[in-house]
Amino acid sequence: MPRLFRLASACLLALGLVASAPAGAERLKDLASIGGVRQNQLVGYGLVVGLDGSGDQTTQTPFTVQSIINMLGNLGVTLPPGQSLQLKNVAAVMVTASLPPFARPGQQIDVTVSSMGNARSLKGGTLVMTPLKGADGQVYAMAQGSLAVSGVSGASPSGGRVTVNHLSAGRIPGGATVERVVPSAVGEGDSVFVELNDADFGTAQKVVDAINAVSPGSARALDGRQVQVRAPADLSQRVAFLGRLENLDVTPAVQAAKVIINSRTGSVVMNQKVALQDCAVSHGTLTVSVSNEQQVSQPNPLGQGQTAVTNRGGVDIQQTGGNIFNVKGGSNLADVVKALNAVGANPIELISILQAMKASGALRAELEVI
């Protein structure tokens, strides 16, 4: 019986912890980042060797030949002057990587290798040791290793070729070794800065309230994106403090009403605060048809004429629909969707209707075209 009582108490405690989190709350680490904790982009130029005849055509990519000569010279191999190299198993590539924060020498990071020339495929190739530099020109990592290319290609004897996925780029998991430390100062003096991913004054104030609830008087908002927090000066205590800070539950403020339109695919996405006022919409489809009919003219049986072929073109314009719909307004997303569905427009036509509604003032939302 005591054991069952302890088990029931533990279950009630767990339920209490879950229920204590406010509805719609997110962890602070999902809404913001700590100032100074960031990635750094690295880039390098190198050569991929060991390709099965799918490398650069050296006559069209002279920089590949120059790179090979320089690499061989660094390895103690001297080529005669004026030597023309006709290699098909080497490709010039760009190597990119992201250096994570607090990376230390000896740590391995992933790299992406992309062809620069006209190589048909990098499959089966090996990247030769390539220095990766930062924006300041300093070398921060060295990359080397065998490429993993997800694509595949096949050719028939008649010359047909089928390619699945991309063969001109690949990755090397753990293919670079960090050689230099990037200083990452977390905060200035006795303060750290929490930077929101999306600037919002309401969310910034809620972050301040959540932090002050566990550490009274330690946080203040500087603007709609940055919050200054007083933190312990000792590094070990500061790390523990930031760990607790990142796991605070914060309910973000409701974002402004917005409609996102992708004009290439016809996708329309709107958030829950989009509102619509009563309006009238006339929706119709205009179709233009162009036809070309060939007519044959035959001469008389005893005549000296020749058969002639003439083209007769025609243009037909048809307009369907055009009825006026009374679109009822709504203050929530369900009402807006119901009203737009009543118009009966396809996604491409809906984009034009939404733009017209915005221009008339009936759509209470910001339109963003991507």
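View 1. D30 counts as partly exposed at 40% relative accessibility, a class lying between buried (under 20% relative accessible area) and exposed (over 50%), with a 1.4 Å probe and protein chains only. R27 is partly exposed too, its relative accessible area being 37%. The two residues form a salt bridge whose closest N and O atoms are 3.3 Å apart; the term asks for a side-chain nitrogen of Lys or Arg within 4 Å of a carboxyl oxygen of Asp or Glu. A search of the whole structure finds three salt bridges.

A word on what you are looking at: this is a predicted model, in which local features need pLDDT of at least 70 and side-chain atom pairs count only at pLDDT 80 or more, while totals for chains, interfaces and linings use all residues. Residues are numbered from 1 along each chain as its sequence is written, and side-chain values use heavy atoms, leaving out hydrogens and water.

**View 2. D110 and R171, a salt bridge between two strands.** Here the closest N and O atoms of D110 and R171 are 3.4 Å apart. The pair links distant parts of the chain, 61 residues apart: D110 sits in strand β5 (residues 108-115) and R171 in strand β10 (residues 169-178). Helices (H or I, at least four residues) and strands (E, at least two) are DSSP runs, numbered from the N terminus. D110 is partly exposed, with a relative accessible area of 38%, and R171 is partly exposed at 40%.

**View 3. An open sheet of three strands.** Follow the order β16-β15-β21, with mixed pairing. The edge strands, each pairing on one side only, are β16 (267-270) and β21 (366-369). Strand β15 (residues 258-262) runs antiparallel to β16 and is joined to it by four bridges; strands pair if DSSP finds at least two bridges between them. Look for N262, which stands opposite S267 in β16.

View 4. K258 is partly exposed at 29% relative accessibility, as is E368 at 30%.

View 5. Helix α7 (residues 347-360) has 14 residues. Its buried residues are L350, I351, I353, L354 and M357.

Definitions and conventions. The expected span of a helix is 1.5 Å times one less than its number of residues.
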